[in-house]
Amino acid sequence: MRITRTRGLVAVGLASALALTACAAPAAEPDAGTDLEIGAIDLAAAGCPATVKIATDWFPEAEHGHLYELVGPDPTFEASNEYSVTGPLMASGEYTGVDVTIVSGGSARPDFLQPDGMLYAEEDILLGYVGNDEAVVHSNTFPTIGIFAPLEKDPQMIMWDPATLTDVESIADLGAAGTSIRVFPGGYYIDYFTSSGVLSADQIDSTYDGAPDVFVASGGTIAQQGFASAEPYIYENEISAWGKPVAYELINDAGYPKYAAVVSTKPENVTEYADCFAALVPVLQQAEVEYYADPTETNEVILAAVDAYATFWVYSAAVAEYSVETQLGIGLVSNGHDDIVGNVDPERVQSLIDIATGMYADDAEKDIRTDLTVEDLFTDQFIDPSIGF
């Protein structure tokens, strides 16, 4: 499968002392939640599985905070067969009668299997992060439908050194200047920028591996992909060889209207788990509101998970704090086109369908449905319209 996760830096910062003491080794089989009293929301009675398993597209980070907000006391961590955290699934501090497991997928897996593929490969996974461009491109191979959209804008961006590239203010300016841009291979957004003429194919360097060395060594003469909610802080504060600001433009603001990390499921689950989702999705909405109101304890869980997994991925408390502030500050999380958190703008989804289907119309390797509608990619039937920031 093509790798579509387009994350930035692979190793930054230091884990917190709390995470080091709490998670020295993965725990055994979890028994989370067994001694907790069920609160006002009973997801077991609503037909949810005993463990609601959700696949993300990367290792734990603050952009996933709305999910880790669900995890209750004494979570357990698995780092042998998969990278996951399991705990009682909580709704505003009350136990819901089921557990939640958050498993890291995509490039966090040895096989790089994306969450939509994981939904079809592993029966116990109920939900997974799927960008709606990926949902279009995989619409025949791994069809999915979104039920909750946690991010209003994709954090993905292209960054550059404003002190060196003094005339560059946008991705289009990078294209006009012919500046080399380092990216991970397989990003659909890059295909959009090259096919639309914003960038040229010969300026795309697809050898980026997440390390900062080449960008730093270039002295600011090249551009590079990253997350607006992470790399600007990391490069200025945690990479001593750079130690200065970077400028950037979000791919969303440059014309690629993607909803990233949409919590999605297999289409047949919309009917099979309708009662479950009707109870669960408002819990997800409220968890998002509560996380961004006070992320401190949930960030400790994120840092603890990263430390327990003991991989190349290192994540600092300072980056997590910056991420939350930035997500709120530049509108990566918000109510979007109305007063509701977690739904989507149908016109924006349709524009992404048009872009993706048009871009790959003559690509024989793609297996895209030609009759896709917005309703095939997202349903708002489980969204509670009273919940928003």
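Predicted model: local features only at pLDDT ≥ 70, side-chain atom pairs only at ≥ 80, totals over all residues.
The protein has 14 helices and twelve strands. Its radius of gyration is 20 Å, close to the 21 Å that the globule rule gives for 389 residues, so the protein is as compact as a globular protein of that length. The C-alpha trace spans about 60 × 50 × 40 Å along the principal axes. Of the 389 residues, 58% are buried. When contacts between residues at least 6 apart in sequence are considered, 79% of them join residues at least 24 apart. The accessible surface comes to about 14800 Å², and carbon and sulfur atoms account for 50% of this surface. The charged side chains comprise 13 positive and 62 negative ones, and the centres of these two sets lie 8 Å apart.

Strands S1 to S4 are linked by a series of pairings. Strands of a sheet pair through backbone hydrogen bonds, either parallel or antiparallel. Strand S2, residues 76–78, pairs with S3 in the antiparallel sense over three bridges. S2 and S3 form a hairpin, with five residues between the two strands. Within this pairing, Thr-76 has Thr-86 in S3 as its bridge partner. S3 itself is mostly covered, eight of its eight residues being buried.

Strand S3, residues 84–91, also pairs with S4, again in the antiparallel sense and over seven bridges. The bridge partner of Ser-84 in S4 is Val-103. S3 and S4 form a hairpin with two residues between the strands, and in this hairpin Ser-92 takes a positive phi near 50 degrees. Strand S4, residues 94–104, is mostly covered as well, with nine of its eleven residues buried. S4 has a further pairing with strand S1, residues 51–56, which runs in the parallel sense over six bridges. In that pairing, Val-52 stands opposite Val-100 in S4.

A separate description applies to the strands S7 to S11. These five strands form an open sheet with the order S9-S8-S10-S7-S11 and mixed pairing. S9 and strand S11, residues 247–250, are the edge strands, each pairing on one side only. Inside the sheet, S7 and S10 pair in the antiparallel sense over four bridges. Ile-158 stands opposite Gln-225 in S10.

Helix H6, residues 188–195, contributes several buried residues, namely Tyr-188, Tyr-189, Ile-190, Tyr-192 and Phe-193. An α-helix has 3.6 residues a turn, so residues three or four places apart point the same way. The buried residues of H6 pack against strands S7 (156–160), S9 (204–205) and S10 (223–227). They also pack against the helices H4 (132–137), H5 (171–177) and H13 (346–359). Just after H6, Gly-197 takes a positive phi of about 85 degrees.

Thr-179 lies in the loop between H5 and strand S8, residues 181–182. With a relative accessibility of 7%, under the 20% limit, Thr-179 counts as buried. Not counting residues up to four places away in sequence, Thr-179 touches Leu-165, Leu-174, Gln-203, Thr-221, Ile-222 and Ala-223.

Val-333 is located in the loop between helix H12, residues 317–329, and H13. Its relative accessibility is 3%, and Val-333 therefore counts as buried. Leaving aside neighbours within four places in sequence, Val-333 is in contact with Pro-150, Leu-151 and Glu-152, with Glu-288 and Tyr-292, with Gln-327 and Leu-328, and with Phe-389. Val-333 and Leu-377 are 44 residues apart along the chain, and their C-alpha atoms are separated by 20 Å.

Glu-238 is partly exposed, at a relative accessible area of 26%. From C-alpha to C-alpha, Glu-238 and Met-159 are 16 Å apart in space, and in sequence they are 79 residues apart.

Technical notes. Residues numbered from 1 in each chain as written. Heavy atoms only, no water. Rg over C-alpha atoms; globule rule 2.2 N^0.38 Å. Buried < 20%, exposed > 50% of the residue type's maximum accessible area, 1.4 Å probe, protein only. Contact = heavy atoms within 4.5 Å. Areas by Shrake-Rupley, 256 points an atom, 1.4 Å probe, with all protein chains shown as cover. Lys, Arg positive; Asp, Glu negative; His and termini not counted. Charge placed at Lys NZ, Arg CZ, Asp CG, Glu CD. Pairing = 2+ DSSP bridges.
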